[in-house]
Amino acid sequence: AVTSSPLPVECTSRMDTGVCFLPGDPICRLSATKMRLGSGLIQSENQVLCNKAGVLRDRQSARKVKNILIEANQKRYIPQVEDMVVGIIQGKAGDNYIVDVGTYCTAILPITAFEGATRKNRPILQIGALVYGRVVFANKYMNPELACMASTGKAAGFGELHNGHVFKTTLGLAQSLLAPDCPILHAVGGHIPFEIAVGINGRVWINTASAAKTVVLRNLILASEGNVPKAQLQALVQQAVRQVKQKGAS
């Protein structure tokens with residue numbers, strides 16, 4: 001039987017990360033190193049197969065478990081377990097918040113799915129509030145479920161997002177921003193201090209010290225989509241930083 005695998009599996013053969021795969025291509029055989037299968041991968045008997053065209057990426061999870069996925073610039077977001085998403089609170093039903101995550105249906109966020117939260121001591125979220133959460137349950141027949149904490153029970157950066165600015169990107173750009181060696185974020189970080197929460201659902205939240213810097217950071221992130229050379233990115237960043245300094249001096 002062919003099934004998706006939200007739980008860690010084991011894999012033996014070497015994986016060619018950074019290589020493009022097509023649907024049906026074998027990725028590796030199961031056995032030795034524990035890993036978690038993300039979007040675009042399924043487990044079929046004793047091997048891992050690709051089920052959508054894209055580039056194989058390796059992400060490190062909080063528990064040091066390899067998290068492999070297929071990075072593809074698809075148009076519609078489909079929730080997968082362990083996805084990090086930026087959601088918008090739409091309302092409350094019983095003990096759950098109703099959250100818009102930009103997919104075919106709304107997600108639910110239990111009021112106790114926060115670090116240290118109980119029924120009596122829980123965060124109060126207003127309609128329109130932004131939250132950074134983790135998908136803990138995903139099924140095409142049911143609404144996805146979120147949690148604003150890591151699998152360890154700690155907040156780990158999840159929760160309500162205060163102030164800042166949120167904007168939409170393509171799913172491919174959002175996935176590239178989550179890479180540990182993302183060129184544009186490293187280039188900007190040396191000049192403009194900022195906070196960022198990247199949702200794999202194509203929403204990005206940023207927060208800087210001023211509105212001008214926020215606009216510059218947003219424009220730089222959007223301009224970095226595609227295979228832009230690092231030298232060109234550095235030039236764009238330097239030019240943007242000079243413009244911000246000139247406006248601040250005037």
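Alanine 223 is partly exposed, its relative accessible area being 39%, where partly exposed covers the range between buried (under 20% relative accessible area) and exposed (over 50%), as computed with a 1.4 Å probe and with protein chains only. This residue belongs to helix α3, helices being DSSP runs of H or I of at least four residues and strands being runs of E of at least two, both numbered from the N terminus. Between alanine 223 and leucine 233, which are ten residues apart in sequence, the C-alpha to C-alpha distance is 8.6 Å. The model is predicted, and for that reason local features need pLDDT of at least 70 and side-chain atom pairs count only at pLDDT 80 or more, whereas totals for chains, interfaces and linings use all residues. Residues are numbered from 1 along each chain as its sequence is written, and side-chain values use heavy atoms, with hydrogens and water left out.

Helix α3 spans residues 211-223 and contains 13 residues. From its first C-alpha to its last it reaches 18 Å, close to the 18 Å expected at 1.5 Å a residue, the expected span being 1.5 Å times one less than the number of residues. Buried positions in α3 are Thr214, Val216, Leu217, Leu220 and Ile221. These residues lie on the same side of α3, because they cover an arc of only 165° around the axis, the arc being that of the directions from the helix axis to the C-beta atoms. In general, an α-helix has 3.6 residues a turn, so residues three or four places apart point the same way. Leucine 217 is 8.2 Å from isoleucine 192, C-alpha to C-alpha, although the two are 25 residues apart in sequence. Isoleucine 192 is located in the loop between α2 (183-189) and β17, and with a relative accessible area of 4% it is buried.

Strands β17 (residues 195-199) and β18 (residues 203-207) pair in the antiparallel sense over five bridges, two strands being taken as paired if DSSP finds at least two bridges between them. Within this pair, valine 198 stands opposite valine 204 in β18. The two strands form a hairpin with three residues between them, and glycine 202 in the turn has a positive phi of about 90°.

Salt bridges, defined by a side-chain nitrogen of Lys or Arg within 4 Å of a carboxyl oxygen of Asp or Glu, number three by this rule. One of them joins arginine 203 and aspartate 100, at 3.0 Å from N to O. Arginine 203 lies in strand β18 and aspartate 100 in strand β11, so the pair ties together parts that are 103 residues apart in sequence. Arginine 203 counts as buried, at 8% relative accessibility.

Another salt bridge is formed by the side chains of arginine 119 and aspartate 95, at 2.4 Å from N to O. Because arginine 119 lies in the loop between β12 (107-110) and β13, and aspartate 95 in the loop between β10 and β11 (96-100), this pair ties together parts that are 24 residues apart in sequence. Arginine 119 counts as exposed, at 55% relative accessibility, while aspartate 95 is partly exposed, with a relative accessible area of 37%.

Glutamate 82 forms a salt bridge with arginine 134, the closest N and O atoms being 3.0 Å apart. The pair links distant parts of the chain, 52 residues apart, with glutamate 82 in the loop between β9 (66-71) and β10 (84-93) and arginine 134 in strand β13 (residues 130-139). At 25% relative accessibility glutamate 82 counts as partly exposed, whereas arginine 134 is buried, with a relative accessible area of 10%.

The backbone of glutamate 82 also has a positive phi, near 80°, in a residue other than glycine. In general, most residues other than glycine have a negative phi. A positive phi is likewise found at asparagine 163, where the value is near 55°. Asparagine 163 is placed in the loop between β15 (159-161) and β16 (165-168) and counts as exposed, at 67% relative accessibility.

On the surface, Val136, Phe137, Tyr141 and Met142 form a nonpolar patch with about 420 Å² of accessible area together. Patches are made of residues with over 30% relative accessible area and no salt bridge, like charges being joined within 9 Å and nonpolar side chains (Val, Leu, Ile, Met, Phe, Trp, Tyr) within 5 Å, and accessible areas come from the Shrake-Rupley method with a 1.4 Å probe, only the protein chains shown counting as cover for residues.
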